[in-house]
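Let's take a walk through a protein together, one stop at a time. Keep the picture open beside you and find each residue as we get to it.

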Amino acid sequence: MEIKYLTVGPIETNCYILCDEKNKICAVIDPGAESGHIIRAVESTDCTPEMIFLTHGHYDHTGAVDELRQRWPDLRVYLNQRDQKAQIMAPSIFPAVADTIDYGENDKMKLGDLEIDILYTPGHSKGSVILKCQNALFTGDTMFAGDCGRTDLYGGDMGEMLASLRRIGRLDGDYLILPGHGETSNLDHEKMYNQWLRQALKLYF
């Protein structure tokens, strides 16, 4: 497994390229903007992209999907159905993404030899998910280094956010935290210093 990431767009969204270097294939996670930058980064891996994973449907995580599909027409795009439906109710923050495939809790995605577990983690939006692959957690806007995602936008809910953070905090072992914005971290560090994660664990243990 190899992970490459770049920061794109005015809100500085983290876009990740998850590679199975043995089979020379990859997935793009949260291509939020700057499609040309992302395309060049994918091409630099010498891997062929097979799918796009969206941790949620906000515009700053989906903005380059169409351009990537123009470059690679066979790309499959995954988005939880709850955020697909939000495109109707709140199009300004959930712009339409055509022809997405639903995924969520207990789904296991295959990328060559890599297996990716999908965790349903609402709170930032009704359709937020986290991707778990080996020792890495792609947390989207559910959890950041030292913080959690906002819950005041359409579909946000602080109670659901705390329950989702509790799920993360109760995972066995340490994980690399790869958030939708900001710096990377690791789970052991967040258990010690992330006030929202600590609050969630106190409330729900």
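Start with Ile 38, which counts as buried because its relative accessibility is 0%. Keep in mind as you look that this is a predicted model. You'll find Ile 38 in helix H1. Who are its neighbours? Leaving aside residues within four places in sequence, Ile 38 is in contact with Leu 6, Val 8, Cys 15, Ile 17, Val 28, Pro 31, Gly 32, Ala 33, Ala 64 and Leu 68.

Now look at the rest of helix H1. Its buried residues are Ser 35, Ile 38, Ile 39, Ala 41 and Val 42. These residues sit on the same side of H1, because they cover an arc of only 160° around the axis. There's a handy rule behind this kind of pattern: an α-helix has 3.6 residues a turn, so residues three or four places apart point the same way. And what do the buried residues of H1 pack against? The answer is E1, E2, E3, E4 and H3.

Follow the chain out of H1 and you come to the loop between H1 and E4, where Thr 45 has its place. Thr 45 has a relative accessible area of 16%, so it is buried. Its side chain reaches the backbone nitrogen of Cys 47 at 3.1 Å. Beyond its neighbours within four places in sequence, Thr 45 is also in contact with Lys 4, Ile 17 and Cys 19. Just after H1 you'll also spot Asp 46, which takes a positive phi of about 65°.

Time to zoom out. In soluble globular proteins, nonpolar side chains tend to be buried together. Here, the largest nonpolar core has 23 residues, and the ones touching the most other members are Leu 6, Ile 17, Val 28, Ile 38, Val 42, Ile 52 and Leu 68. Strands E1 (2-8), E2 (13-20) and E3 (25-29), along with helices H1 (35-44) and H3 (65-71), are the elements that give two or more residues to this core. H1 gives the most, with 4 residues. Apart from this core lies another one, of 20 residues, among them Tyr 78, Tyr 103, Val 129 and Phe 138.

Not counting residues up to four places away in sequence, Ile 52 touches Val 28, Pro 31, Val 65, Leu 68, Leu 75, Arg 76, Val 77 and Tyr 78.

Next up are the rings. The structure holds 6 aromatic pairs. In one of them, Phe 53 and Tyr 103 are stacked, with 5.9 Å from centre to centre and 10° between the planes. This pair links distant parts of the chain, since Phe 53 is in strand E4 (residues 48-53) and Tyr 103 is in the loop between strand E6 (100-101) and strand E7 (108-111), 50 residues apart. Phe 53 counts as buried because its relative accessibility is 0%, and Tyr 103 is buried too, with a relative accessible area of 1%. Tyr 103 also pairs with Tyr 78, and that pair is tilted: 5.6 Å centre to centre, 45° between the planes. Tyr 78 lies in strand E5 (residues 76-78), so this pair ties together parts that are 25 residues apart in sequence. Elsewhere, ring pairs link Tyr 5, Tyr 16 and Phe 138 into a cluster. One more ring to find is that of Tyr 120: the charged end of Arg 82 sits over it, 4.5 Å from its centre.

Arg 82 brings us to helix H4. At the start of H4, a side-chain oxygen of Asn 80 reaches to within 3.0 Å of the backbone nitrogen of Arg 82. Which residues of H4 (residues 81-89) are buried? They are Asp 83, Ala 86 and Gln 87. They cover an arc of only 115° around the axis, which puts them on the same side of H4. The face turned away from that buried side carries the exposed residues Lys 85, Ile 88 and Met 89.

Our last stop is Asp 117, in strand E8 (residues 114-120). Is Asp 117 buried or exposed? Its relative accessibility is 16%, so Asp 117 counts as buried. A polar contact of 2.5 Å joins its side chain to that of Lys 108.

Conventions. Residues are numbered from 1 along each chain as its sequence is written. This is a predicted model: local features need pLDDT of at least 70, side-chain atom pairs count only at pLDDT 80 or more; totals for chains, interfaces and linings use all residues. Side-chain values use heavy atoms; hydrogens and water are left out. A nonpolar core is a set of buried Ala, Val, Leu, Ile, Met, Phe, Trp, Tyr and Cys residues joined through side-chain atoms within 4.5 Å. Buried means under 20% relative accessible area, exposed over 50%, partly exposed in between (1.4 Å probe, protein chains only). Contact means heavy atoms within 4.5 Å. Rings of Phe, Tyr and Trp (its six-membered ring) pair if their centres lie within 6.5 Å; planes under 30 degrees apart count as stacked, over 60 as edge-to-face and the rest as tilted. A charge sits over a ring if NZ of Lys or CZ of Arg is within 6 Å of the ring centre and within 35 degrees of the ring normal. The arc is that of the directions from the helix axis to the C-beta atoms. A polar contact is a pair of N or O atoms within 3.5 Å; within protein, one must be able to donate a hydrogen and the other to accept it, and residues adjacent in sequence count only if both atoms are side-chain atoms.
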